[in-house]
Amino acid sequence: MKIALFTPCKITKTVQPTEENIQYAITANNLTKEFGDFIAVDHISFNIKQGEIFGFLGANGAGKTTAMRMLCGLSKPSSGEATVAGFDVSTQPESIKKNIGYMSQKFSLYEDLTVMENIRFYAGIYGLSDKDIKEKSAHLLQHLHLDHEKNKLVGSLPLGWKQKLSFSIALIHEPKIVFLDEPTGGVDPLTRREFWEMIYAASQRGTTLFVTTHYMDEAEYCHRVSIMVDGRIAALGTPAELKKQFDAESMSDVFLQLARQATRQAD
Amino acid sequence: MRSLKFLLQKEFRQIFRNPAILRMIFIMPVIQLIVLPLVANYEIRNVNIHVIDHDHSMYSRELIRKVTAGGTFQLQGYSSDYKEALLDVEHDKSDLILEIPHGFEKQLVRESEAPLFIAVNAINGARANLGAAYLNTILRDYNQEIRTQWIQFPKFDEIPRVEVISNYWYNTHQSYTLFMVPGIMVVLLTMVGSFLTALNIVKEKEVGTIEQINVTPIRKHHFILGKLIPFWVLGLFVLTLGLLVGRVIYGIVPLGNIGLIYLFAAIYLPAILGLGLLVSNISQTQQQAMLLSFFLMMIFILMGGLYTSIDSMPHWAQVVTWFNPVTYFIEVMRMVVIKGSSFNDIKGHLGVIALFAVVLNTWAVVSYRKRS
């Protein structure tokens, strides 16, 4: 497996709308989400470069999913700003949606449709032409070795296959950025490895990947990692930098040191 | 528009793959149309009567024969003891007690007048009232008979009498099924439409697929149309099935133009589907959606004039029925099926229901959020 390391970029306090920002796939500046008195996401800021694999870590209830939902245009920020593919999350959520792929931790394909029907449906609603749908689905099925299963209901596939299919479908319209919310939860180690190979392949094609995970070995595969504690970003950098900073042997140690500081109840 | 095509394709596939939905569409309407009109019937039959005969005379026997001959009353008990009769009522065996006092015949002949005693078990109010009324009619007839027997060859009727001749229009035979079946069809259409739409969308919420839809650039109104159109088609199918069952089993052929029923249904269905959408917007789980739909449906049906006449409701309840779409369709159904009404007769109803459709769907589209 080839891992291309990116140079870490500094967290800039303010994001000015300059030419420089356009090369960032995602920028967040003091992005905040409050539910009443509860601050789920508390002034988080980061910039993610195009093609980067960005690991978004944190204990349950730290605010990862809420932050991700804001970036996908599913949830309106309470304050702060963020851009995804150059569009503002507060004002242009529908433009963002054309440029992103999303795979949620809840399995999100239709179990009562076949593999082929799911591919066709998602390709269709992203506006792909019939010719594109045909070509892409053929390529996808071949790549995932699902040729013989294409007329089977998705509900009958093993979880690992479903997750790989789900990821491939999230990529079918060639989005600039893909959000993966715990994509490998409950998946066996071999499939996880294959899954990460798919992530690397996408990254090498220039796709930016924003991944949440609870597996610390996966955190090591990311170009850069941020760790959220109680709605704030407690650490951000390459895995090597973070290990050095916290004087830890592995990402797991880094995570445990930070997660233990949490005062918020996990859900 | 292209995404609508894919949405419709997906919905139809899912519907035809779901045996529960297919059962709800095909079997439920047929069973309900067969069972409900038979059960929801206000014609009183088999009223159990207990006769206490203290007289044992020719006249008393003649009276009992007359009461039991019509088929409405079943002679449940015959005794000469009131206590025994009361026990029968207490055990719910008898609905009515008819007591013929001692010396009934003698008094009738001598004084041309004799008292009778009727006791009614009023727990089932409708049954008791109608039973007592029937019994009174029979007694009046009996009275009349005795009088004609006594007054031989009446050349001139000395007592002037007003005779009432009733003529029942539209439903000449006062058939209960002709009254109920069109109404039940409306209820079925309403249930299938609102339940299926609400449950369908809430299921996507529960499973999590709606989130996937919400991150796509799908337009809100395309998504909603994609949900409405399949159930609109299914609703019209259920109506057709209902009309067929009505025709085959009950021999009901609409007197008016059947096209009017379809025209009304075509506008009524979007209103009901819009309601289902609203329910699904509010509900997070299928359970919530089911309970909310059920609550609304109970009110709609009870206040829609299916079982009880709206004219005999208190004024405030009549006002409530104006906001009940079911009321309008039941009325139109009965007008077209029983009375043979034309487009001009129902255009007012049509206008109101179109307004319902516009308001409910606008509300549903506005309240449907792709983001929180």
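This is a short exchange on how some features of a predicted model get their names.

Residues are numbered from 1 along each chain as its sequence is written, while chains are lettered from A and ligands numbered from 1 in the order in which they are written. The model is predicted: local features need pLDDT of at least 70, side-chain atom pairs count only at pLDDT 80 or more, and totals for chains, interfaces and linings use all residues.

Me: Why are H10(B) and H11(B) called oblique to each other?
Reply: Helix H10 (residues 258–282) and helix H11 (residues 286–302) of chain B pack at about 135°, with axes 9 Å apart. Axes are lines fitted to C-alpha atoms, for helices over the stretch in contact, and angles run from 0 to 180 degrees between N-to-C directions. Under 35 degrees counts as roughly parallel, over 145 as roughly antiparallel, 65 to 115 as roughly perpendicular, and the rest as oblique. H10(B) and H11(B) are therefore oblique.

Me: What makes the contact of H10(B) with H11(B)?
Reply: H10(B) brings B:Val279, B:Ser280 and B:Ile282; H11(B) brings B:Ala289, B:Leu292 and B:Ser293. Contact requires C-beta atoms, placed from the backbone, within 7 Å. Four of the residues are nonpolar, two polar and none charged. Here Ala, Val, Leu, Ile, Met, Phe, Trp, Tyr, Cys and Pro count as nonpolar, Asp, Glu, Lys and Arg as charged, and the others, Gly among them, as polar.

Me: What makes S2 and S4 of chain B edge strands?
Reply: Four strands of chain B form an open, mixed sheet in the order S2-S1-S3-S4. Strand S2 (73–79) and strand S4 (117–120) of chain B each pair on one side only. Strands are DSSP runs (E, at least two residues), as are helices (H or I, at least four), numbered from the N terminus.

Me: How do you know that S1(B) and S2(B) pair?
Reply: Pairing needs at least two DSSP bridges between two strands. Six bridges join strand S1 (residues 47–53) of chain B to S2(B), so the two pair, and they run parallel. B:Asn48 has B:Gln74 as its bridge partner in S2(B).

Me: Which strands does helix H3 of chain B lie across?
Reply: Helix H3 (residues 58–69) of chain B lies across S1, S2 and strand S3 (96–100) of chain B, at about 180° to S1(B). Helix H4 (residues 82–90) of chain B also touches S1, S2 and S3 of chain B. The direction of H4 makes about 140° with that of S2(B).

Me: How many residues does each chain give to the contact of chain B with chain A?
Reply: Chain B gives 20 residues and chain A gives 24 residues. H1(B) gives the most to the side of chain B, with eight residues.

Terms used. Two residues are in contact if their C-beta atoms, placed from the backbone, lie within 7 Å.
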